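Hi,

Here is the structure I promised to pass on.

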Amino acid sequence: MLDRLIQLDKEWLIFFNGLGSETYDPFWLFITKQFNWIPFFVLLVYLTYRKVSLKKLGVIILLLAGLVTFTDQMTNVVKYAVARPRPCNTEDIQSLIRIVKCSPSLSFFSGHASNSMANMLFMFMLLRRYYKHAYLVFLFPLIFAYSRIYLTMHFPLDILVGYCFGLVSGTLFYQIFLWIERKYDNKLI
């Protein structure tokens, strides 16, 4: 069963990777860099700032920093325990894929997927109180994580498991936020 799942994962990677071309490589290399998303993050902070107090915004930013740290560290624990090589370093498919970017680090599961999904779920649950189209924040983890498959940095299953871990982590940290909000509501207004 596990062998079949791994084989399917490789086939999905080959399919998605095969959709790319050199023409689009610079675009996906740009998309995959967290630094290039700073304007998007600044926009989210600004939209949040417009609706909450400065103290509450401070709590939100601290929780987001904790969330990034938590998902990043847990991802690394799993990566070293599983020790799955990245697609670009997987010998039996190297001749079948177009390697755009490679790294010697491990693949399972994707820190980009877990971090982006965790943070955007947290932000969605917060912003949906104030903005009708808050669900648009989920475009970020979808585009961001797809770049990892396109570039051959992650298998699709790495992304899916990263998303699942991100959903659990984002929900947990949002529950912590709600607890803080209830406990200190008068002081956070």
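First, a term: buried means under 20% relative accessible area, exposed means over 50%, and partly exposed is in between, using a 1.4 Å probe and protein chains only. By that cut-off N119 is buried, at a relative accessible area of 10%.

Before the rest, some housekeeping. This is a predicted model, where local features need pLDDT of at least 70 and side-chain atom pairs count only at pLDDT 80 or more, while totals for chains, interfaces and linings use all residues. Residues are numbered from 1 along each chain as its sequence is written, and side-chain values use heavy atoms, with hydrogens and water left out.

Back to N119: this residue sits in helix α5, which covers residues 111-127. Helices here are DSSP runs of H or I with at least four residues, strands are runs of E with at least two, and both are numbered from the N terminus. Setting aside neighbours within four places in sequence, N119 is in contact (heavy atoms within 4.5 Å) with L64, L67 and V68.

As for the whole chain, it has eight helices and zero strands, and its C-alpha atoms fill a box of roughly 60 × 35 × 25 Å along the principal axes. Of the 189 residues, 46% are buried. Among contacts with a separation of 6 or more, 80% come from residues 24 or more positions apart.

Cheers
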